[in-house]
Amino acid sequence: MPTLSWNEIRQRAIAFGRDWKDETRENAEAQTFWNEFLNVFGRSRRQVAAFEERVRNLTGGVGRIDLFWPGTLIAEHKSAGESLDKATAQALEYVRNLIDAKRDSEVPRYIIVSDFATIALHDLESDEPAFQCRVEQLHEHVQRFAFIAGYETRTLDPEDPANVEAAEILAKLHDALEAGNYPEHDLERFMVRVLFCLFAEDTGLFGQPDTFELYIRNTTRDDGSDLGLHLRQFFEVLNTPTDQRQANLDEQLADLPYVNGDLFAERLPAAAFNSDMRARLLSCCTFSWKKISPAVFGSLFQSIMEAPERRQIGAHYTSERDIMKLIRSLFLDDLRKEFERVKQNKTQLRKFHERLGTLTFLDPACGCGNFLVIAYRELRKLEIDILLALHPPGHRQRIFNVRQELHIDVDQFFGIEIEEWPARIAEVAMWLMDHQMNLVVSTTFGQNIIRLPLERSATIRCANALRLDWNDVLPAEECSFVLGNPPFVGHHLQTREQKEDQNRIWSELSASGVLDYVTCWYRVAGDYIQGTSIRCAFVSTNSINQGEQPGIFWPALLALGVRIQCAHRTFKWVSEARGRAHVHVVIIGFGLADVSQKAIWEYDNADGDEGSIVAAKQINPYLFDGTPTVLTNRRKALCDVPQMRYGNKPTDGGHFILTPEERDELLTQEPGAAPYIRRYVGAADFLDGSFRYCLWLPDIEPDKLRSMPLVAARVQAVRDFRLKSKAATTREYANYPTRFRQVAQTDGRFILIPRHTSEARQYIPFAYFESDVVASDACFFIPDAEPYHFAVISSSMHMAWVRQFCGRLKSDYRYSKDIVYNNFPWPESPSDAQRAAVETAAQAVLDARTAHPNATLADLYDPLAMPKDLRDAHRALDRAVDKCYRAQPFANDRLRVEYLFAMWERLTTPLTATKKKTRKKKKR
């Protein structure tokens, strides 16, 4: 029978690891090591074994075993630095000798080998590979050695463990209870309690391992009929102080700790289980939740929500990697630098430590609490480093009580979450992270830190953050940092309630309807931080710093005094949840203070894995170094160049449009329709090389139309389609059924620009078309354009401008006439020679395309398939266009954009000043 509790075993293991960690053991004796090792588990040498047991080896000689416990264990030791494989081979040879000697009852199940620094455990009855850990990690894995202490052992799943599969098993249990009509509010509370218990039993909070699982297995019926009642009693005991519990309580329940913290305070109805639901709960118990990542809580939440609901709420749960990007740039890197600066001065270090305990954090869209949890973990790690600096290894006996020196606690963290279930998850996640970090403190300083009963907790308010005054959660004057990733919901996906919130918050903006939902948090935060030094940072879809949105909402923020203090340019958001959504995001750090050191993180690839940090004097709303001004929609081009037009919009229900087969059939039956059929080109047709046609009848004579019944039938169908429209303007155009809804066709040659194209392409393909081709409204076009104009928009200078200022559809480019083209600064005064060089280079691009007649533009501009001659032609064109701007080449697109933006400011500032002056004269 065991003589020690698991808490006592862990305390002894901590001391054992501390004594043997990083020590010089050249003269150490194996007997001493194994004596102290056995003592960790309440065993002594005389109880279990004889040291230096003599066992005859296969060659007839006599070998020595460092520790032999007949029927249970062989332990073999090697000097520091020697191979443990050699020790294992020697121990296995002893096992074979026992078998050969027919001493079957003495054949051990386990082999343990060590070199004073590392311990490896082999289970000869398991197919699992050997378990290995450093001696200072032994306390984390004492359950694996439970057989030494007298506890029954079972094979554990791999330690890395609380993964999405485990989360989805728990989700299945949730779904089964929900299907059984267990009340929604109670179900959310119930599942959070189960999750807490799963974690608690794997991390020592319940004392003995597998307390929760064994209670279910040993006390409940296989059919699950009494499981709900037993779980309710289990939860009630956790909420009852030990001195107030019933005297005749079952021993398994009486040994449970008092948790408190309101987690188990509410009395829930007993859940009705069946055998399958009981099996699901037990399957959850078989996973190791000990090293659970906080991000798993997000994936857990997502896995039990239906897809439409998740999309409407915008619950994109950010990976830990991306959370760390925000946390480091917002506060952690600065705190770490300050720590390095003061750590040699204990007076300053103690003041710094005390200040950490006063910092407060608010996540106004906290979801399952991922940002708060990881921020708390990083602060606790920093605190441990502070304590290590204050109390170096040789002076730690001066720490009377390490618990009293812990200044950072969960009550420094605040959150707002609209849904109750993730709000409850966030509360528990903070407690679990607190316990994880307490285990690290215990390991580091050799004192057992368990904060039970729970006395403090994070404040998570279940409410709509856009309708709640954030001061009611955390007064602004007490707040240090605001952080998080508010919902990613584009304007076309917003619910009625979300649109109402957005219209109210941005009521002063006439065009607020096109903004992403996340911008609402920026506005509310801007109001919240007034008169404070609060620093904020949000993960947001990159659409808010592209296209027309910056020009709409950023001026209002700038008017509040908001300044961008740091930024991460576009990278791909990575979710920990299944069904990872494809979202490209930015991180924007802002506040009212004009910080001296501003930084921009720029990534070499969309995944956000590699990049560089660029120092900036100012960070503008487009997240590069520049003044805080924004582009707005312009009706005409800024420079003296041909104007860009929208393509022709049919609004016809598809009745004007013909496939090649429909065209041939129509001409077979009505040959007279030939003059009225033209090629019709949209973005997809243009890029893929496919063909469509359209009926082009703007000026057809009535008698001609009546002579073609099939064409007339299509015109009638167009009229009927428009009459059914909800839009009054479309119904009005039913009076003109032979015409496209919007006609912009030119009589001359034009350049076609696809409105949407893949971000993977280094260059957007443009091309010339003759006037007998109709450009659809999926395109723009430039009439009367010269080769020089084609050259400049085909260059990297223009592409850099496009990438920075165009809108996005998912991650694809969404070209804008009014934002991108009309604001683009063209070369101011290129020489004739420069223009000629540019036009020659542009023709070389067209010639390179012609050299591959079987390839579509999509093929030619695929980054993997792009032919060398075409790529070389584009590079030559880039060099020629660059020289029209300046003699010095541009090293990258960021420098191109910064140069162009400075040009744009110079070109637009006189216009702005003139307009202001004119207005003043009129006023007078």
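## Glu383 in helix H16

Glu383 is buried, with a relative accessible area of 1% (buried means under 20% relative accessible area, exposed over 50% and partly exposed in between, using a 1.4 Å probe and protein chains only). The residue lies in helix H16, residues 370-390 (helices are DSSP runs of H or I with at least four residues, strands are E runs with at least two, and both are numbered from the N terminus).

Leaving out residues up to four places away in sequence, Glu383 touches His353, Glu405, Leu406, His407 and Ile408; contact means heavy atoms within 4.5 Å.

## About the model

This is a predicted model, where local features need pLDDT of at least 70 and side-chain atom pairs count only at pLDDT 80 or more, while totals for chains, interfaces and linings use all residues. Residues are numbered from 1 along each chain as its sequence is written, and side-chain values use heavy atoms, with hydrogens and water left out.

## Helices H14 and H15

Let's turn to a helix pair. The axes of H14 (residues 320-342) and H15 (residues 346-356) come within 9 Å and cross at roughly 155°; axes are lines fitted to C-alpha atoms over the stretch in contact, with angles from 0 to 180 degrees between N-to-C directions. H14 and H15 are therefore roughly antiparallel to each other (over 145 degrees; under 35 is roughly parallel, 65 to 115 roughly perpendicular and the rest oblique).

On the H14 side, the contact is made by Leu335, Glu338, Phe339, Arg341 and Val342, and H15 contributes Gln348, Leu349, Phe352, Arg355 and Leu356.

## The whole chain

The protein chain has 32 helices and 26 strands. Of its 924 residues, 55% are buried.
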